[in-house]
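Reader: Could you walk me through this one? I would like to know what stands behind the terms.

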Amino acid sequence: MTVETRDLTKYYWMGKEKVVALDSVNLKMEEGAFISVVGPSGSGKSTLLNVIGCLDAPTKGEVYLAGWRVDYRNKQSLVRLRRKFMGFVFQTFNLIPALNAVENVEYPMYFNKEGRSKSERRENAMKLLDMVGLEKRANHLPSELSGGEQQRIAIARALANDPKLILADEPTGNLDSRMGKSILDLLRRLNEEEGKNIIMVTHDLESAKKMSKVVRIMDGRIQ
Amino acid sequence: MKELFSLASRQLGRKKLRVFLIVLGIAIGVAAVIGVTSLGEGIRVQAVEQIKASHDLTTIDVSAGVEAESITLITDSKLKAIEREEHVLFVAPYVKDSYVTQNNTYLAVKGITPEYRQIHRNLQLEMGDWFEERGDHNEIVLGYDVAKRLSIIEDLGIGDEFTTKIRLYGEEGRPKDKPAVFKIAGILKSAGDEHDNQALVGIKEAKEMDEKDAYDGLFVKVDDPAFAASVGDKIEGLGLSARSAQDVIDEVNKLMVAVTIVFGFFSGISLVVGALMVVNTMIISVYERTKEIGLTKALGASDFDIMKMFLAECVIIGVIGGILGDLLGIGFSVLIDIVGKPFLVSALGGELGAGLQSGSITAITPGILAAGFTISLVLSIVSGLYPARRASRLNPLDALRQI
C-alpha cells in the first residue's frame with residue numbers, strides 16, 4: 001500500500017503557546033517500503049505516525065492511502081481504515097492484562113465484522129504466534145511474559161487482520177538491546193518476506209540505517 | 001455475542017471483590033423489594049382466603065339503587081326480572097321494619113321467605129319452631145339477644161302472645177300506629193351476627209303490617225361463583241345495587257396491591273444506592289482502563305463496540321445481582337414470616353390474627369421473583385449507560401497517552 005502525505009501540518013495549543021508538531025510534511029512511500037522516522041523528542045515523529053494511522057487528524061494537508069484521500073471528519077471510515085489496513089505496535093506493548101497471549105492476538109479480529117469464524121480466528125492467531133516464535137506461550141498471561149515476548153505478541157496482534165501497513169512507535173524503546181534486536185529482525189522479516197509496509201519511529205539510528213529508508217524529522221519538518 | 005460476554009466476564013474476573021460488592025449492593029436492594037412485596041402479597045392472599053372462608057361466593061346482596069337524586073326500589077317486577085336471569089337459583093327478598101311493644105321495647109323486625117334461611121344457614125332454632133308460611137295467625141321468631149331482652153323486661157317466652165305496633169305515616173304525614181298481635185313461635189341460637197338482635201316474621205305478615213310496595217333488600221343465589229359477577233352486573237343494569245363477596249375480594253385486592261406498590265416503591269430506594277454503586281464502579285473502571293480503551297479503538301473497535309463491551313459487563317452484574325437478590329429476597333421473606341408473624345397475630349388479635357396464624361404472612365410468586373430479576377438487570381444496564389458512553393467517546397490517541 002502506498003502512503004503519501006501532502007503538506008501535512010498539525011499544530012496544537014499548549015495553553016497559549018502554539019506548538020507546531022508537523023510543518024508541511026511531504027512524504028511518499030512506495031509499496032512494500034520500510035521507513036524509519038528518527039528525530040529528537042518532540043520533533044513530531046509520533047504525531048506523523050498517529051496522523052497516518054488515523055488516530056489523529058491533521059490541521060492542514062492530506063494523507064493518501066493507496067491513492068485514496070483519508071477523510072478525517074468521517075469517524076466511521078477512520079475506524080474501518082484502522083481495522084482493515086493498520087497494525088499498531090507501541091513502545092509499552094499495551095497487551096490486555098485479562099487476556100492470555102493467543103486471546104490478545106485474536107482481539108483485533110473480533111472487531112473485524114467481515115471476519116472469520118471463531119475457530120478460524122484461533123487458527124490464525126496460533127499461526128501468528130508461531131511466526132513470532134511464541135506458540136508455546138499461547139496460554140500465558142502478559143504478566144507471565146518478558147518484555148521482548150510481550151512485544152512479539154503485540155506484533156502478532158498487529159498482524160491479526162492482515163494489515164497492509166504496520167505502524168510501530170518506538171517498538172524497542174522499552175527493551176534491552178538484545179531483545180530490541182530480535183524485534184527489529186522480526187519487523188524486517190515482515191517487510192521482506194510478507195511485503196508489509198512499515199513505518200517505525202525509533203531512536204536507534206544505527207539499526208534503522210541497516211534495514212530501512214531513514215527519514216529525519218526536526219521541529220515538524222523533514223530534513 | 002458469546003465472546004462479548006466471555007470477554008466481559010474475564011474483565012470482571014480481574015476485580016472479583018469489587019464486583020462481589022456491587023452485586024451484593026444490588027442484591028440487597030432487590031431482596032428488600034422482594035421481602036416487602038411478598039409481605040403485601042402474603043397478607044393479601046390471607047385476607048382473600050378469610051373472605052372466601054366466611055362468605056358465600058354464590059350469594060349476591062342486592063339493595064335499592066341510589067343514584068344522585070333518584071332511588072330505584074326493589075319492586076316485584078324487578079324481583080321477577082332477576083329470577084328470570086340465567087344461573088339464578090332463587091331469590092330471597094326481605095323487608096326491614098321497626099316494631100315497638102306496649103312497654104316501648106323496640107324490635108328490629110325482618111320479614112323473610114323460606115329461601116332466606118337457605119342463604120343464612122347459620123340460623124338455627126334454640127327452641128320452638130319456625131313460623132308456618134301463610135299461617136292463620138301472626139308468628140314471630142326471636143333472635144338470641146332479643147329473646148333474652150324480652151324475657152327479662154317483659155317476661156315473654158315461647159308460646160306467649162304479645163301486642164306490638166308499627167308506626168306508619170298517613171298521606172298527610174300524620175303518624176298512625178298500627179297494632180298487631182304476634183305469637184312467639186321460636187327462639188334462635190346465637191348466630192354471632194346481626195340476627196341476634198333481630199326478630200323474624202313471615203314476609204307476607206310483614207308486608208301487611210308495613211304496607212310497603214317494595215322490598216328492602218334481597219339475596220340472589222347463583223349456581224356457580226364464576227357467574228356471581230356477571231349476574232351482579234345484570235342486576236346493576238336494572239338500576240339496583242348488587243354486592244357479592246367477590247366485590248369485597250376485589251376491593252381487598254385493589255387496596256393490598258396499591259399498598260404493596262407504595263411499600264415496594266419506598267423499599268426500592270435502596271436500589272438507587274445500588275444503582276449509584278454501579279455508576280461509580282463503572283466510571284472508575286473506565287478511568288482505569290482508559291489506555292486499554294484507546295488501544296482497543298486503535299485496533300479497530302468502533303465506539304459502539306466499546307459501549308457494548310462495558311454494557312456486557314453491566315449485564316453480567318445485573319444477572320448475578322438478580323439471581324442473588326432473588327435468593328436473598330426469599331430468605332428475607334422467610335425471616336419476615338418468622339419474626340413478623342407472632343407480632344402481627346398478637347397485634348391484630350381475634351379472628352383475623354387466628355387466621356394469619358395458620359398460614360404464612362409472606363408469599364413469593366414467580367411474578368415477584370421475575371420482577372426482582374428484571375429490576376436488577378435493567379438497573380445495572382441503565383446505570384452502565386453513562387459510563388459506557390463515556391468510554392466509547394474517548395479519543396483513542398488521548399486514551400493511549402494516558403499513563
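**Strands, helices and domains in chain B**

Author: Strand 4 (residues 88-101) of chain B and strand 11 of chain B pair in the antiparallel sense over 6 bridges. This is a predicted model, in which local features need pLDDT of at least 70, side-chain atom pairs count only at pLDDT 80 or more, and totals for chains, interfaces and linings use all residues. Residues are numbered from 1 along each chain as its sequence is written, while chains are lettered from A and ligands numbered from 1 in the order in which they are written.

Reader: What makes strand 1 of chain B and strand 11 of chain B a pair?

Author: Two strands pair if DSSP finds at least two bridges between them. Strand 1 (residues 59-63) and strand 11 (residues 217-222) of chain B have 4 bridges, in the antiparallel sense, so they count as paired. Ile60(B) stands opposite Val220(B) of strand 11.

Reader: Why is helix 2 of chain B called roughly antiparallel to helix 9 of chain B?

Author: The axes of helix 2 (residues 16-54) and helix 9 (residues 269-288) of chain B come within 8 Å and cross at roughly 160°. That makes helix 2 of chain B roughly antiparallel to helix 9 of chain B, because angles over 145 degrees count as roughly antiparallel. Among the residues making the contact are Gly25(B) of helix 2 and Gly274(B) of helix 9 (contact: C-beta atoms, placed from the backbone, within 7 Å).

Reader: Which domains is chain B divided into?

Author: They are domain 1 (2-54 + 251-401) and domain 2 (59-223), with bounds from an automatic or database domain assignment. Their C-alpha centres lie 59 Å apart.

Terms used. Axes fitted to C-alpha atoms, helices over the stretch in contact; angles between N-to-C directions. Helix = DSSP H or I, 4+ residues; strand = E, 2+ residues; numbered from the N terminus. Parallel < 35°, antiparallel > 145°, perpendicular 65-115°, else oblique. Contact = placed C-beta atoms within 7 Å.
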